[in-house]
Amino acid sequence: MNENTLCHFQSPACVLCQRIDDCPEKYGEKRTYKEYNNLTVHYYCLLMSSGIWQRGEEDEGVYGFLIKDIRKEVNRAAKLKCNICKKKGASIGCVAPKCKRSYHFPCGVQRECIFQFMEYFGSYCWEHRPVQKLPSDESRGSSQCTICLEFVEHFPVYNILKSPCCKNAWFHRDCLQYQALSAGVFFFRCTVCNNKDKFQNEMLRMGIHIPEKDASWELEENAYQDLLQRYQHCDARRCLCRNGRDYNEPDSKWEIKCCQCCGSCGTHLACSPIQSWEENWECIECRSILAKSGNYQNQKKRSLATSEKIDVTGRFLEEPSPKCPRQSPGSQHSFLLRSPKMLCQNSLTPCTLLDLPASNKMVMSISPLINSSSRNLSVRRMQLRIQKREASNILRELKLQVNTKTTRLNINRDNIWSSALKGFRGRNFNPANTMEVKFTNCKGRVETDAFHGSKHEFFRLLMLHLQNSSLFEGSSSKNLSLDSQAIKENLYYEAGKMIAVSLVHGGVPPSYFSKTLFNCLVYGPENVKPTVEDVADFDVAQTIKMIKSSRTLASLKSTISDCYEYLTIAGCLRPMTTLCDKDMLVNDLLIYHVIKRVHSPFESFRQGLKTLGVLEKIQMHPDAFSSMLCHKPERLSARILGDLFTVHCLSGVNKVKGVDFWMGYLQDVEGGESAATLEDILVFATGISSIPSIGFEPDPSVKFLHIKYPIGNRQLNCLELPITKTYEQFKSKMDFAISSSLRLEVE
């Protein structure tokens, strides 16, 4: 094939930059117009050219640029030489005063010029481009780009951009550009604090193109199919189905019916007291809520969720720019309105902001989903929240065993394990008694700064000690280790007992169990197959990997010869006749090291977990407890605290204004715009820095009162907040009260 034939099949070049590249992410959409003598142009090349304006309507010419104007611009650019590639046709000039540099759009991108897709669509060369300044008090370092999760240096250069609204949020330019193209002007916002206006203004200034279009995931067919999953699991205390709790056979007694209120719990018809499918069924949590409100008998079937759609408008300029990027179809987008919980005065039923006038509604939204993997992650997080809520309800049932008789534990902070062991082994200790914890110093005196959350703090420190103790091995996911001294002292039993007591008495869960350890507890060690990742001993893990990676029978026998002594001790030594025998050997080694070797510690640990019936519940509800014992608790966020606290609206108080201030303050704290942290707010209100696995009792609340400064009533888990005229006054008083309270506790 000759050169002329190749040229014939080549894609036509852009009339402005003379490049054949077709890369919409970099140069905009490339289109060829046959009706205009095969005129081909990149959208960004046309948009950024210095001598042309959109003088036509949207459907005239090319994106509103008239054809005769495009011809004139091509002729003008033909006289200008690019300062980068030295070729003619440089249609873009630097707008900095006295700068005479000209360049093609692709050359400018390569030379790291800034193109501002707003107002007059200015361009800045590599010497005059805008830069972000690093505050003098901010230290250099690195963190993860919250889009691609790769590490990025904290130094403002062309390829690295800093969020204007979050102190420690840094991004790769390419990541931001791809997200902007995907999200569009209606959903492009800071991925950390969700700020939109301030974030978009800065990104436009730094050359990020934010198209005026609907988000790509809104245009994708069945984009939210994964979120439409129906809960299918029997949560009855005793499931009668031989095929398991997940078995569902429609139109039979083994059909799973979901709770009519929350939809996140279910039961087989045969496992519930209802007689037919037509009857309504409520889970334990919803039943208790309905009983408290007095509406249990007269409860009508309600929709699973109430939502209202509102229109979101994009960015509009006071004076329209002479160059207006085209607006894609569907840019007027609707999304669900989300509101915090509220309780109206003299009413026990929750009322949402949806009941208020439209002008007073407040919008909260989470960062947009970018791709299917993000969507799957979101679904997984939602499932974990549902499972943790289920486990919390089960633990509340177990807590009914706890009586009013008090057992007091004197705990030395400097020696948590010894003092805890002494208390749990005490003659008068009863796990079913109400526990009272007092911290003592090295001289045995009770600390004067003991606060309402002493019990929770004790369990937190105890679980942290167990995680790092010799009873467990592994990095993040832990399995039981083999400690002969601990076996003699029966410490594995005590550890299991402490974890069970912590769960029932409102302490923190361990959250570091490996899936293998958890499955052994639920299904029995004989039904579990461990993996190489469960082996904490480096030498043993390397030996297993070498055996597994052997590619010839000779290399396999050589590896076995090198570890002959270990294989003999493990009882796994066997003749190797074929290469396939290595799989059976690896399996035997894993079972020995992870399961058989720690059989005695495991049995003791399992007996300890039976305290207060915890192990039985774990075995009955493995999915729920897996989310609690094998996954770290979700990090506090403004959304979580907004959902946690119920806002009480008193008469004569502007309900929306108060909630607006409260939610705005939570978002400022989350975004780093306050000296306080979300943990500080929780401590101020409840005395506890994290949400207990069993939940709070009573439920945390917020009251707006005619008081001067905020008050944290830890006995009632209540925040009493002042009514102020402006948000700035509210924020100032909140910061002062929280910092003063915490400072006094430290002192």
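User: Hi! What percentage of the 747 residues in the chain is buried?
Analyst: Hello! Buried residues account for 48% of the 747, where buried means under 20% relative accessible area, exposed means over 50% and partly exposed is in between, with a 1.4 Å probe and protein chains only. This is a predicted model, in which local features need pLDDT of at least 70 and side-chain atom pairs count only at pLDDT 80 or more, while totals for chains, interfaces and linings use all residues. Residues are numbered from 1 along each chain as its sequence is written, and side-chain values use heavy atoms, leaving out hydrogens and water.

User: Thanks. What is the mean pLDDT of the chain?
Analyst: The mean is 80, and 81% of the residues reach 70 or more. pLDDT is the predictor's confidence in each residue, on a scale from 0 to 100.

User: And where is the pLDDT below 50?
Analyst: One such stretch is residues 295-320, which has 49 contacts in the model beyond near neighbours in sequence. Residues 326-375 are also below 50, and that stretch has 128 contacts beyond near neighbours. Contact here means heavy atoms within 4.5 Å. Where pLDDT is low, the predicted coordinates should not be read in detail.

User: What about contacts between residues at least 6 apart in sequence: what share joins residues at least 24 apart?
Analyst: That share is 62% in this chain.

User: On to packing. At what angle do helix 15 and helix 20 pack?
Analyst: Helix 15 (residues 515-523) and helix 20 (residues 599-609) pack at about 70°, and their axes are 11 Å apart. Axes are lines fitted to C-alpha atoms, for helices over the stretch in contact, and angles run from 0 to 180 degrees between N-to-C directions. The two helices are therefore roughly perpendicular to each other; angles under 35 degrees count as roughly parallel, over 145 as roughly antiparallel, 65 to 115 as roughly perpendicular and the rest as oblique.

User: Is the crossing of helix 15 and helix 20 left-handed or right-handed, and which residues meet?
Analyst: The crossing is right-handed. A crossing is right-handed if the near helix is turned clockwise from the far one by less than a right angle, and left-handed if anticlockwise. From helix 15, L517, C520 and L521 meet F602, F605, R606 and L609 of helix 20.

User: How do helix 12 and helix 14 pack?
Analyst: Helix 12 and helix 14 (residues 491-504) have an angle of about 145° and axes 11 Å apart. Helix 12 passes helix 14 in a left-handed crossing. Helix 12 contributes F459, L462, M463 and L466 to the contact, and helix 14 contributes A495, M498, I499, V501 and S502.

User: Staying with helix 12, is L461 buried or exposed?
Analyst: L461, which sits in helix 12 (residues 454-467), is buried, with a relative accessible area of 18%. Leaving aside neighbours within four places in sequence, L461 is in contact with R413, I416 and F439. L461 and I416 are 45 residues apart in sequence, with their C-alpha atoms 7.2 Å apart.

User: And what does K617 touch?
Analyst: Not counting residues up to four places away, K617 touches R237, I394, E397, L398 and F625. K617 lies in helix 21 (residues 614-620) and is buried, at 6% relative accessible area.

User: How about Y566, then: where does Y566 lie?
Analyst: Y566 is in helix 18 (residues 564-570) and counts as partly exposed at 24% relative accessibility. Beyond neighbours within four places, Y566 is in contact with V540, L589, Y592 and H593.

User: Last topic, the loops. Which residue other than glycine has a positive phi?
Analyst: One of them is Y63, with phi near 55°, in the loop between helix 3 (43-48) and helix 4 (67-77). Y63 is buried at 7% relative accessibility. L149 also has a positive phi, of about 70°, and its place is in the loop between strand 7 (142-144) and strand 8 (151-153). L149 counts as exposed, at 52%.

Terms used
Helices (H or I, at least four residues) and strands (E, at least two) are DSSP runs, numbered from the N terminus.
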